Structures are given as C-alpha cells and as structure tokens.
Protein chains: 2
Amino acid sequence: MESDKIIERWLPQFRKGLLEYIILLKLQQGDIYGYELAIEIKKLTSIEVAEGTLYPLLNRLKRDGLVSAEWKTPEVGSPRKYYEITALGIETLAKMKNTWLETHNSIINLVMQS
Amino acid sequence: MESDKIIERWLPQFRKGLLEYIILLKLQQGDIYGYELAIEIKKLTSIEVAEGTLYPLLNRLKRDGLVSAEWKTPEVGSPRKYYEITALGIETLAKMKNTWLETHNSIINLVMQS
DNA sequence: CTTTATACCTTGTATTGCTAGGTATGCTAC
DNA sequence: GTAGCATACCTAGCAATACAAGGTATAAAG
C-alpha cells in the first residue's frame, strides 16, 4: 500500500491515537522490542500503554508495512521480538510530523486567543 | 460526575481525539452552534469534522455536563442550537490543557532526539 | 413552487483501546 | 530442585467512537 493511502486512512484516526506517532518516532531512534517500548513510552510521555493495546498495534504497523519484526534471543533472558522502522514507515512518519505540527499550531492559536 | 472522574475516562481516549479538546477550546471563546463550529474547526485546523461525528460528540459533552445547550431562533435563518461551556467544562478543559502540554513536550523531545 | 443553503439528527459499520485473561522462558532464593 | 517472580509475548471480548449515508425541517432565492 502506498504512503498516501496510509496517510488517508491514518488522518481520521489521528485524533484517536498519538500512539502510532509516538511509537514510530521512538522506532526511528533505533530498533526496540515491545516490552521495552511500553516502558520507554511511559518514561517519556507518562502514558501507560496496556499490553493489550501495544501488541495488536505493533502487529497492525507490521501488517501495513511500516515496521518489520525479527526475533532475537539475548544471551540472558527471554526471546524478544525486535521491531525496525521501514522506508515506508519513515516516509509515513514524516507526513505524520507535518500533520502534528499543523494541528499543534492551530491549537496554540486557539489557546492564545482565549 | 466529578471532574477527576471525567479526566480519568478521558485520558485513555485522549489519543483518540483532539476533537473534544479543540471544541472546548473554541467554546471557551464564546457560545457557538454546531454547524458554525464545524466550519470554524475546518478553518482553524484543516480538520473536516463530519456531522455524524460532531453532533453525537456535542451530545456526549452535554450528557457529561461539560456544555449546556439552548435553542435560539435568529431573525433570519433556521433555528440554531447554541452550546455554552459550563464551569465543569472549564475545569475539565484546564486539565486537558495540562495533559496536552505534557504530551506535546514529550513528543518534542522525541522529535529532537531523532 | 422548486431549488438551494442552513441546521440538526440517527443508524449501522469498522476500528481500536483496554480489561482480563493466557503462555512460555529464565532467573533467584530457599 | 523447585517455587516464585520477572521478563516477554499474545488473544478474545467489550465499549467507545469516527464516519458514511441517510434523514428531517426551515427559510431564502430564483
């Protein structure tokens, strides 16, 4: 699926979820696995992502080709499923950034006026 | 329902909708009716709110006591249902603002790092 | 009187966040 | 060595909601 189409489908959902945006931003900084991602998001944004939210969301991102996944077994500990952002993911993220900035500016204006 | 409870229920939905936030911000600037609100939101944020989204949302806001509504018949044109933000609405909006600012700062940090 | 614009509403569908459960592995304390 | 805990992933089902697609009613314009 092409990026524009994804954006088109994402736009209505934007108000529904900063989560996809936050996850892609985080993934852009390097590969990470789900469990760690939940901890990082909480640390960074104080948003406590339920596992029942996160894992299905990551699967959706994978299904849509925005991320890829790979199992890795650390020398100590349980096997982990690492996610990596794809080229399509980066392209999509750039558009999300624009939408985010535009919306944010609009809201700033609204707040200023009041 | 008390404000904290509303926030508690709103928090998980926050990612789902900047719309409630935007509408309350707009209402804080003065009473407005649904049809005009849709036009204003589009002008301000480029978000095209479907009527099937807006009217049920306004009814939810009313149900939860964040806004009140009153029919007014202008000297010319169709009758309009004007919405006014309540004290509870203003209180709730203040908390939404905090959450918004916090989340925004977190995202700025994420964007900066990448 | 027909058309257009204004203004509000509802039904049904798809999506999605979350709760509440589950599985499996490895580490640690006894 | 085994019981308990932490790590790490997953899914079914529910509730909320954005939206499309339809509807109603009024009044202005042609």
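H3(A) passes H4(A) in a right-handed crossing. The model is predicted. Chain A and chain B are in contact through 24 residues of chain A and 23 residues of chain B. A rotation of 180° with 0.0 Å of shift along its axis brings chain A onto chain B, at an RMSD of 0.0 Å. The two copies are thus related as by a two-fold rotation axis.

**Helices H3 and H4 of chain A**

- Helix H3 of chain A covers residues 34–45 and helix H4 of chain A covers residues 51–63.
- Their axes come within 10 Å and cross at roughly 120°.
- On the H3(A) side, the contact is made by Gly34(A), Leu37(A) and Ala38(A).
- On the H4(A) side, the contact is made by Glu51(A), Leu54(A), Tyr55(A) and Leu58(A).
- By class, the residues of this contact between H3(A) and H4(A) are 5 nonpolar, 1 polar and 1 charged.

**Helices H2 and H3 of chain A**

- H2(A) packs on H3(A) at an angle of about 105°, and the axes are 11 Å apart.
- Angles of 65 to 115 degrees count as roughly perpendicular, and H2(A) and H3(A) are therefore roughly perpendicular to each other.
- Ile22(A), Ile23(A) and Lys26(A) are the residues of H2(A) that meet H3(A).
- Their counterparts in H3(A) are Leu37(A), Glu40(A), Ile41(A) and Thr45(A).
- The contact of H2(A) with H3(A) has 4 nonpolar, 1 polar and 2 charged residues.
- Leu37(A) takes part in the contact of H3(A) with H4(A) and also in that of H2(A) with H3(A).

**The sheet of chain A**

- Chain A has an open sheet of 3 strands in the order S1-S3-S2, with antiparallel pairing.
- Strand S1 (32–33) and strand S2 (67–72) of chain A each have a single partner strand, so one side of each is left without a neighbour in the sheet.
- S2(A) pairs with strand S3 (residues 80–85) of chain A in the antiparallel sense over 6 bridges.
- Within this part of the sheet, Tyr82(A) in S3(A) stands opposite Glu70(A).
- H2(A) lies across S1, S2 and S3 of chain A and runs at about 90° to S3(A).

**The sheet of chain B**

- In chain B, 3 strands form an open sheet in the order S1-S3-S2, and the pairing is antiparallel.
- Strand S1 (32–33) and strand S2 (67–72) are the edge strands of chain B, and each pairs on one side only.
- Between S2(B) and strand S3 (residues 80–85) of chain B there are 6 bridges in the antiparallel sense.
- Tyr82(B) in S3(B) is the bridge partner of Glu70(B).

**The interface between the chains**

- The contact between the chains involves 24 residues of chain A and 23 residues of chain B.
- Helix H2 (19–28), H3 and helix H5 (87–113) of chain A each supply at least two residues of the side of chain A that touches chain B.
- H5(A) gives the largest share of that side, 10 residues.
- The residues of the side of chain A that touches chain B divide into 8 nonpolar, 11 polar and 5 charged.

**Symmetry of the two copies**

- The superposing rotation is 180°, with 0.0 Å of shift along its axis.
- The two chains are thus related as by a two-fold rotation axis.
- The same surface serves both copies, since 96% of the contact residues of chain A recur in chain B.

How values were computed: Residues are numbered from 1 along each chain as its sequence is written. Chains are lettered from A and ligands numbered from 1 in the order in which they are written. This is a predicted model: local features need pLDDT of at least 70, side-chain atom pairs count only at pLDDT 80 or more; totals for chains, interfaces and linings use all residues. Axes are lines fitted to C-alpha atoms, for helices over the stretch in contact, and angles run from 0 to 180 degrees between N-to-C directions. Helices (H or I, at least four residues) and strands (E, at least two) are DSSP runs, numbered from the N terminus. A crossing is left-handed if the near helix is turned anticlockwise from the far one by less than a right angle, and right-handed if clockwise. Two residues are in contact if their C-beta atoms, placed from the backbone, lie within 7 Å. Ala, Val, Leu, Ile, Met, Phe, Trp, Tyr, Cys and Pro count as nonpolar, Asp, Glu, Lys and Arg as charged, and the others, Gly among them, as polar. Two strands pair if DSSP finds at least two bridges between them. Copies are superposed by least squares on the C-alpha atoms of residues with pLDDT of at least 70 in both. Angles under 35 degrees count as roughly parallel, over 145 as roughly antiparallel, 65 to 115 as roughly perpendicular and the rest as oblique.
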